[in-house]
Amino acid sequence: MNVRAIAARALVQVLGEGRSLAAVLPPALSRTESRNRGLLQELCHGVCRWLPQLQALLDRLLARPLASTEHAVRALLLVGLYQVWHLRVPEHAAVSETVAAARQLRKPWAAGLANAVLRAALRRREELAAALKADPEADTAHPSWLLERLRRDWPDDWPAIVAANNARPPFALRVNARFLDREAYRRHLAEAGHNAAPAPDAAGALILEAPVEVALLPGFNEGWVSVQDAAAQLAAPLLQVRPGLRVLDACAAPGGKTGHVLECEPGVALTALDRDAGRLDQVRANLRRLKLDARLIAGDAERPADWWDGVPFDRILVDAPCSATGVIRRHPDIKLLRRDSDIPALAERQRAILAALWPLLRPGGRLLYATCSVLRQENDEVIAALLAARADARAQPIAAGWGRALAHGRQILPGDADRDGFYYAAVTKHPVASRGS
Ligand SMILES: C[S@@+](CC[C@H](N)C(=O)[O-])C[C@H]1O[C@@H](n2cnc3c(N)ncnc32)[C@H](O)[C@@H]1O
C-alpha cells in the first residue's frame with residue numbers, strides 16, 4: 001500500500017480515536033517496506049506536529065466541510081497538505097501520490113478533491129500563509145489552552161518553547177559507564193559511520209548527527225548504550241546514590257532512569273515500582289540488556305500499604321506521570337490528546353504520590369521529584385504543597401549550570417541546549433517532629 005494511505009490509516013486512530021502515536025506507529029511501521037519507514041514516521045509526526053495549522057489550512061481550502069464520518073479522507077488531505085506546506089517533496093509527487101492513496105483507501109470520489117485541495121494550496125500559498133499568520137493557534141500550531149498556559153507560565157520564553165516544540169528532536173544516547181566511556185563509544189560510532197558529539201552537563205550523553213535504527217548502534221544488544229535525552233540523564237546524579245543505599249524508583253517504567261541509576265552505582269538496593277505491570281516488563285527487558293538487577297514491583301505509589309515492606313528508603317525518585325509538555329517535540333500527538341482539564345487532575349495525582357511516599361523516606365534521606373512538564377502547576381506548585389504539608393521537608397537548591405532556578409526546583413525548557421523540557425526538585429527529610437508523617 002502507498003505510504004500516504006498507510007499514514008492516513010494510522011492517523012485516523014490518533015485523530016479520530018484518541019490513540020497515541022506510540023501505540024499506533026510501531027504496527028504500521030512493521031507492515032511498511034523498510035525504505036518507506038522514515039517517510040511514514042515523518043508524515044505521521046509531521047501531521048500531529050502541525051495539526052492546528054494544517055486543519056486551519058484545510059478549512060480554508062474546502063468549499064464545504066467534509067462529513068464528520070470521513071476520517072480517512074480528512075487524514076489523507078492533512079497528509080497531503082503537510083507534504084506541500086512543510087516538506088520538500090516535489091509538487092507533482094506529493095499530489096499524484098496523495099490522489100493514488102485516496103483510491104487505495106477505497107475513496108475514489110476523494111481523488112479529485114485531493115487533487116483540487118493540494119493544487120489550490122500551492123497556487124494560493126502567499127494569501128493562505130498571511131491568513132494563518134493572523135490566527136495564533138494556526139501560526140504556532142498549538143491549541144489555545146496550551147498556548148495560554150505557556151504564555152502565563154513563561155511570559156518571556158513562550159515563543160522559544162513553541163518553536164522548540166515544533167522542531168525535530170535530536171537523537172540522544174547515554175553511554176553505559178560500566179562498560180566504556182563516552183569517547184570510546186564515540187570512536188565505535190565513527191567506525192560504524194555515525195558522527196556524534198558530546199552533550200554538556202551529562203557525562204555519558206552523546207548526540208547523533210542523524211538518527212540510526214537502535215539495533216544498528218554498536219553494542220546496543222550488549223548494553224553499551226541506551227537512547228535517552230540529555231535532560232533525562234541529569235536525574236541519576238541528582239539522586240546522589242552510594243553503595244548500600246536503599247533506593248525507590250517509584251514511577252519506573254520503561255526504566256530509563258532505573259538503568260542509569262544502577263549504571264552509576266550498581267551497589268544500591270533498588271526497588272523499581274510501576275502501576276502498569278505491562279510497562280514494568282519493559283523495565284525488566286531494559287535491565288536484562290544492561291546486565292543490571294533491581295527488585296521490580298507492580299504497585300501503586302499512592303498505596304504503599306499494598307507493597308511496602310516497612311523498611312525506609314534512603315533515596316526516592318518520583319519521575320511522576322505528567323502532561324509531558326516538555327517533550328512535545330518527541331511526542332507531538334500530546335498537543336492533540338491532552339486537554340486543559342488534565343493538568344489540575346495530574347497535579348492532584350502528583351501531590352497524592354508525594355504525600356503517600358514521604359513517610360517511606362528515612363530521616364536524612366533525599367527525594368528527587370522529576371517531570372517532563374513545563375507547567376508550574378505540575379512542578380514548583382506540587383513541591384510547594386509538599387513543603388507546606390510536611391514540617392520535616394526541606395527543598396535543596398540544585399546548583400547547576402543548566403536550566404533555570406525556580407523557587408524550589410530547576411526547570412529546563414525544551415530546546416535549552418537542545419534538551420527536552422524537564423523539571424527537577426530535590427527535597428530532604430529532616431529529623432524533626434513532623435506534622436502527619
Ligand atoms: C514519566 S513515566 C516514568 C519514566 C521512567 N522513570 C523512565 O525514566 O523511563 C511515569 C510512569 O509512572 C507510572 N505511574 C503512574 N501513576 C503511578 C502510580 N500511582 N504508581 C506507580 N506508578 C505510576 C506510569 O505507568 C509511567 O510508567
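Start with helices H5 and H6: H5 passes H6 in a right-handed crossing. This is a predicted model. To see the pair, select residues 91–104 for H5 and residues 109–123 for H6. Their axes come within 8 Å. They cross at roughly 155 degrees. Angles over 145 degrees count as roughly antiparallel. H5 and H6 are therefore roughly antiparallel to each other.

Next, select Ala141. Look for this residue in the loop between helix H8 (136–140) and helix H9 (144–153). Phi is positive at Ala141, about 55 degrees, although the residue is not a glycine.

Now go to the ligand. Show its surroundings. The shell holds 19 residues. Asp274, Arg279, Asp300, Ala301 and Asp319 come nearest. Colour the shell by residue class. Nine of its residues are nonpolar, three are polar and seven are charged.

Then pick out individual contacts, one residue at a time.

- Cys251: a backbone N or O atom of this residue lies 3.0 Å from a ligand nitrogen atom.
- Gly256: a polar backbone atom here is 2.8 Å from an oxygen atom of the ligand.
- Asp274: here the side chain takes part, with a polar atom 2.7 Å from an oxygen atom of the ligand.

On its own, the ligand has 610 Å² of accessible area. The protein covers 87% of that area.

Stay with the backbone and select Ala253 and Pro254. What kind of peptide bond joins them? The bond is cis, with omega at about 5 degrees. Pro254 sits in the loop between strand S5 (246–249) and H13.

Select residues 256–264 for H13, then residues 277–290 for H14.

How do the axes of H13 and H14 meet? Angles under 35 degrees count as roughly parallel. That makes H13 roughly parallel to H14. The crossing of this pair is right-handed.

H5 and H6 run roughly antiparallel. H13 and H14 run roughly parallel. The H5 and H6 crossing is right-handed, and so is the crossing of H13 and H14.

Notes: Residues numbered from 1 in each chain as written. Predicted model: local features only at pLDDT ≥ 70, side-chain atom pairs only at ≥ 80, totals over all residues. Heavy atoms only, no water. Near = heavy atom within 4 Å. Polar contact = N/O pair within 3.5 Å; in protein donor to acceptor, adjacent residues only side chain to side chain. Areas by Shrake-Rupley, 256 points an atom, 1.4 Å probe, with all protein chains shown as cover. Nonpolar A, V, L, I, M, F, W, Y, C, P; charged D, E, K, R; others polar. Axes fitted to C-alpha atoms, helices over the stretch in contact; angles between N-to-C directions. Helix = DSSP H or I, 4+ residues; strand = E, 2+ residues; numbered from the N terminus. Parallel < 35°, antiparallel > 145°, perpendicular 65-115°, else oblique. Left-handed = near helix turned anticlockwise from the far one by under 90°.
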